[in-house]
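Here is a structure to read through in questions and answers. Please look at it before going on.

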Amino acid sequence: MWLGDPMMTRPASRAVITGIGCVSPFGVGGYDLVAEVLKANVTAIQPLAGFPTAGLASCLGAEVPAACLPLTEEARRWSRLSQMTVLACRQAVAEAGLCSSAALGQVGLVVGSQFGDLRSTEAFSLGFLRKGPLGLSPLLFPSTVMNAMAGMTSIALGLKGPMLTLNQSGVAGELAVARAMALLRAGRAPAVIACGVDELFPLLYETLVQLRVPSPRGSGEEACRPFDRRHNGPILGEGATAVVLELPEHARARGAPTLAEVRSACWGGIPTRPGRFPILRDRQYPVLDQALTDAAVRPDDVGMAYLSSCGDPQHDAIELACMAATFGPNGPLLTSVTHLTGEYGGLGTFRVAAAAATVRQGISPRLDYLCQPIRTDVRFATQPVTQPPAVALVHGLARGGVHTAILVGRL
Amino acid sequence: MSQRHVRDDECRVVVTGLGVVSPYGRGSQVYWQGLSQGHCILGPLRLFPTDGFRSRIAGEMSAATVRALGTAHQSRATRFLLAAAQEAVCSAGLGPAELTTAAVSIGGAGGGMLEAEDWYWARYHQPQDTPKPVALRSMLPTNQTDALAFHLRIGGPRESPVLACSSSAAAIATVADLIETGVVEVGLAGGVDTLTRLCFMGFNALKLLDPQPCRPFARDRRGMSLGEGAAVLVLESWQHAVARGAPMRASVAGCGLSSDAFHPTAPPADAEGAVRAMREALARGHMTPADITYVNAHGTGTVQNDRAEAVALAAVFGAGNVLVSSTKSLIGHAMGAAGALEAVATILALETGLLPPTANLWEPDPAIPFDCIPHTPRPATLDCAMSNSFGFGGQNVSLIFLRPDVAG
């Protein structure tokens, strides 16, 4: 049981990132993989190979290759989504140098996911629909509960601190980071892993296509083009990214590697009808303002902003309006990762990892498809940055109105 | 009485409003009336077919109560949650201004899965059916939280924690954290879950449901009974509550969160994770075990869980040193909503000085060395009480509530 540092006189408001783990369409790795993905700026989006899409209006996605997932005896007991979660978290704690069972026993875990393990839910239900009560698999049922990925990860890694799973559309990854920061602030653990995870699977893909969620909506080519006039919906992706957040003094005391600093993480909600994007009126961005205040950062100090927009025309418009109102025409370079990774609810932790690479090494993704931006009063990251910004913003806005702002700074 | 008074008033989180929808009906008074009379409401499950299953009973809301709760376009879970939240906000006397910056955290496990099941079952039999977006949206627990935030215009931090059976207890703990650390002054915390085919089939497949109404802590217990409902608590900083003259129902003295890191569905024999959660709650409340008079147990009625919880209680409090009961024996296990429903029961026990009983406990298990308050409620003088919630995945949450006049 870790009950806080007795030397700490006020709640911690900052944390350092000491490790990153990523299971992605680009492969499995840590900080270096994320940096390479951003630097290469090559998309993982391609025609789906994992399941047939014949007869559907969409056929593209960004899939995690089967070869990336472990084939160990231990992993065979886990669902595919749990495999991705465990693998990402294991990579992150290894990079953070959190190896001993004593150290891991104090670590907390927050998993953010939009859909959870619907694959297992469907498989479990099909057992009944095909064969009645005798067709039900008791082994599958635990995976149908959305906290299964967190449970499996805590067992695999020996994490005994607080463990939360947050369900959230669009910004589940950002929310995992914000909640992990809140756990640190409350003195519930000296280090917390924030992991965003979601997966593609046939029923979900087919249903979302039938609901006209992904590109191409209406006419036009199927593509992911956030902020461009040709945007016509997101391309769906999958993956898991884990970020180890740690109290600075704890990381210092154990000589941990530090990649970047999370200076503030705020979240709030704009009351919005479920499933819809919020309608933002002038200067109604208390979350963003609070994040800047908490971090003691002026808007001018923010050099790059990773947005959650993924090519949904309404989403793109609302988030850019928020940026324009907050930062003005000389604000940060705006960028996205969804043209590389595809879009999924847990992607926000990848954006935080990317922001760490941006402030540390000046690496960032380039929106080289962007030839007809929907706004001209903001700046987009279409070229490589010349020097690392001191601070990068990871901004999220979701259907239903949850709003997040995370400021990642150079150490 | 130990050192709990060292905790400054300014740091306290108080409960100023309660709202409940339970199988007894709508409202916390109806809920308390049922619990305090020891009325076991478990009966035949009528919401969906149960042919061929080992257990066919549950704590189900009456159709008339559900009809009266909301409109047909809302999911069953949303109806439950909005009704509970309205009662909580009303009883706290919270106005729109306070809600603008309030946090909201609603735990659940199944969300609106019932409606998604309707869609999926129909789709299975008629594959060409067009998907119904409402059914799919409501499937995710976040949808109920979003609906509540929209309905009450709540603008602060919003979360939908999913920790299986400890979801809503965790919601209470994490909102209390946000208030203690000064992020917000007010928050709504609670949970909602409805009966679903998935959950019913799953626990039947695991052979964890008792064909008879569940018998927690009994020698012949054979599993749990499912239930449904919603409960919402208004949490507030002590200063904020005093400034607006809010009714103080209880203080949140301490919360503990821990993980077993042991097994997806079973607790370790030594219940080490549960012990840590309880001890953390005590430590954060500056309390000793002797301060706790009553524990509202997780008490599911499964052989393993009850035994493990008894081991944990004995390790923390010493055998027989605390009164224990399981209100799941009265209304069933409401999954993600259970923690909040039991938190409300614990607070109402503190308020009334009456401990709700454990129903169906005809033959106590001698391996459980506690007075589990069989059948009839027990008058008691108590200042502090604990509520335990333990979920699949090894997720443990312990909450300690304190009578508001004690530490004031």
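Q: How far apart do the C-alpha centres of domain 1 of chain A and domain 2 of chain A lie?

A: This is a predicted model, in which local features need pLDDT of at least 70 and side-chain atom pairs count only at pLDDT 80 or more, while totals for chains, interfaces and linings use all residues. Residues are numbered from 1 along each chain as its sequence is written, and chains are lettered from A and ligands numbered from 1 in the order in which they are written. Chain A is divided into domain 1 (15–260) and domain 2 (262–409), with bounds that come from an automatic or database domain assignment. The C-alpha centres of these two domains of chain A lie apart by 21 Å.

Q: Which element supplies the largest share of the side of domain 1 of chain A that touches domain 2 of chain A?

A: Counting two residues as in contact if their C-beta atoms, placed from the backbone, lie within 7 Å, 62 residues of domain 1 of chain A meet 58 residues of domain 2 of chain A. On the domain 1 side, the largest share is eight residues, and they come from α6(A), where a helix is a DSSP run (H or I) of at least four residues, numbered from the N terminus.

Q: Which element gives the largest share of the side of chain A that touches chain B?

A: Between the chains, 57 residues of chain A are in contact with 58 residues of chain B. Six residues form the largest share of the chain A side, and their source is α5(A).

Definitions and conventions
Helix = DSSP H or I, 4+ residues; strand = E, 2+ residues; numbered from the N terminus.
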